[in-house]
Amino acid sequence: MRNQRVAHRYRLSVGLVLGLFGAFGSFWLVELMNRAGEEMQAGLKLNEPDYIVENFSFVRMTKTGQPSYIISGDKLTHRPIDDSSDIVKPVVRSLSGENPPMDIRAQFARVDQDNTRVTLTKDVRIDRAASKDSREMHLATQALTVYPEEDRMETDQPVRLQFGDATATGTGMQANNATRQVHLAGRGTLVYPPRGQQTK
């Protein structure tokens with residue numbers, strides 16, 4: 001009889017322990033699911049824009065207090081999760097001191113890396129006026145990454161480039177506006193008018 005009571009108490013104790021483990025396990029699972037849900041919601045909220053500006057203009061200054069470049073556009077959406085900005089119909093004007101200003105236009109742009117990189121996409125065009133040391137320049141491509149503070153740009157997309165009366169095409173390009181060096185990659189063409197027909 002005593003052995004039966006001990007066995008009964010043992011089974012009861014084991015049942016209680018298992019029940020407690022089951023309850024704590026269920027509680028832990030619910031807490032884990034709640035935390036995951038909260039973190040997901042927090043991530044979604046962080047990815048939401050914290051401000052939207054229409055018809056804006058932004059001036060980036062150099063360390064000496066001089067304007068380096070101006071970015072304007074129809075609409076700017078800023079996302080705090082990575083401190084990036086998406087721009088609709090951006091216009092970037094590079095102001096590089098002695099060199100003539102250069103205007104860059106596109107349908108879309110993303111500004112990131114602490115405002116030091118601008119990635120332009122769709123119908124990208126660059127226009128630079130002529131100066132006493134260089135001819136006018138026009139460039140057309142579908143994607144272009146610009147580093148305004150370094151005054152350089154690059155793309156791996158097809159490019160059509162015009163210097164004065166000369167026209168060149170290629171797939172991929174690296175250009176430095178400060179040194180006026182342009183490197184076209186891939187297979188392309190170069191059309192250069194006869195010397196007597198060149199624009200002075």
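From the N terminus on, the order of elements in this protein is α-β-β-β-β-β-β-β-β-β-β-β-β. That is one helix and twelve strands. Please keep in mind that what you see is a predicted model.

Some totals for the protein. There are 200 residues, and buried ones make up 27% of them. The accessible surface is about 13700 Å², and carbon and sulfur atoms account for 55% of that area. Now take the contacts with a separation of 6 or more: 36% of them join residues 24 or more positions apart.

Next, the core. Which residues have the most contacts inside the largest nonpolar core? They are Ile71, Val118, Leu120, Ile126 and Met153, in a core of 24 residues. Several strands supply at least two residues each to this core, among them E2 (67-79), E7 (117-128) and E9 (152-163). The others are E5 (102-105), E6 (108-112), E8 (137-147) and E10 (166-176).

Let us stay with Met153 for a moment. Leaving out its neighbours within four places in sequence, Met153 is in contact with Met102, Ile126, Leu144, Thr145, Val146, Met173, Gln174 and Ala175. Ile126 is also on the list of core residues with the most contacts.

E8 and E9 pair in the antiparallel sense, with seven bridges. Within this pair, Met137 stands opposite Phe163 in E9. The two strands form a hairpin with four residues between them, and Asp151 in the turn has a positive phi of about 60°.

Moving along, E9 and E10 also run antiparallel, and ten bridges join them. Here Arg160 stands opposite Thr169 in E10. How many residues lie between the strands in the hairpin of E9 and E10? There are two, and Gly164 has a positive phi near 60°.

Then comes E10 with E11, residues 181-184, again antiparallel, over four bridges. Met173 has Leu184 in E11 as its bridge partner. The hairpin of E10 and E11 has four residues between the strands, and Arg180 takes a positive phi near 60°.

A word on those phi values. Most residues other than glycine have a negative phi. Two further residues go against that pattern. Asp83 has a phi near 55°, which is positive, and Asp83 is not a glycine. Asp83 sits in the loop between E2 and strand E3 (84-88). Is Asp83 buried or partly exposed? Its relative accessible area is 38%, so Asp83 is partly exposed.

Lys89 is placed in the loop between E3 and strand E4 (91-94). At 44% relative accessibility, Lys89 counts as partly exposed.

Asp112 lies in strand E6. Why does Asp112 count as buried? Its relative accessible area is 13%, and buried means under 20%. Setting aside neighbours within four places in sequence, Asp112 is in contact with Ser84 and Arg117.

The other one is Ala168, in strand E10. Ala168 has a relative accessible area of 12%, so Ala168 is buried as well. Not counting residues up to four places away in sequence, Ala168 touches Val159, Arg160, Leu161, Leu184, Thr189 and Leu190. You have met Leu184 already, as the bridge partner of Met173. And where is Gly188 relative to Ala168? The two are 20 residues apart along the chain, and their C-alpha atoms are separated by 7.2 Å.

Last, the rings. The structure holds zero aromatic pairs. A ring does take part in another arrangement, though: Arg152 lies over the face of Tyr147, at 4.1 Å from the ring centre.

Start at E8, which pairs with E9 over seven bridges. Go on from E9 to E10, joined by ten bridges. Finish at E11, which pairs with E10 over four bridges. Each of these pairings is antiparallel.

Conventions
Residues are numbered from 1 along each chain as its sequence is written. This is a predicted model: local features need pLDDT of at least 70, side-chain atom pairs count only at pLDDT 80 or more; totals for chains, interfaces and linings use all residues. Side-chain values use heavy atoms; hydrogens and water are left out. Buried means under 20% relative accessible area, exposed over 50%, partly exposed in between (1.4 Å probe, protein chains only). Contact means heavy atoms within 4.5 Å. Accessible areas come from the Shrake-Rupley method with a 1.4 Å probe; for residues, only the protein chains shown count as cover. A nonpolar core is a set of buried Ala, Val, Leu, Ile, Met, Phe, Trp, Tyr and Cys residues joined through side-chain atoms within 4.5 Å. Rings of Phe, Tyr and Trp (its six-membered ring) pair if their centres lie within 6.5 Å; planes under 30 degrees apart count as stacked, over 60 as edge-to-face and the rest as tilted. A charge sits over a ring if NZ of Lys or CZ of Arg is within 6 Å of the ring centre and within 35 degrees of the ring normal. Two strands pair if DSSP finds at least two bridges between them.
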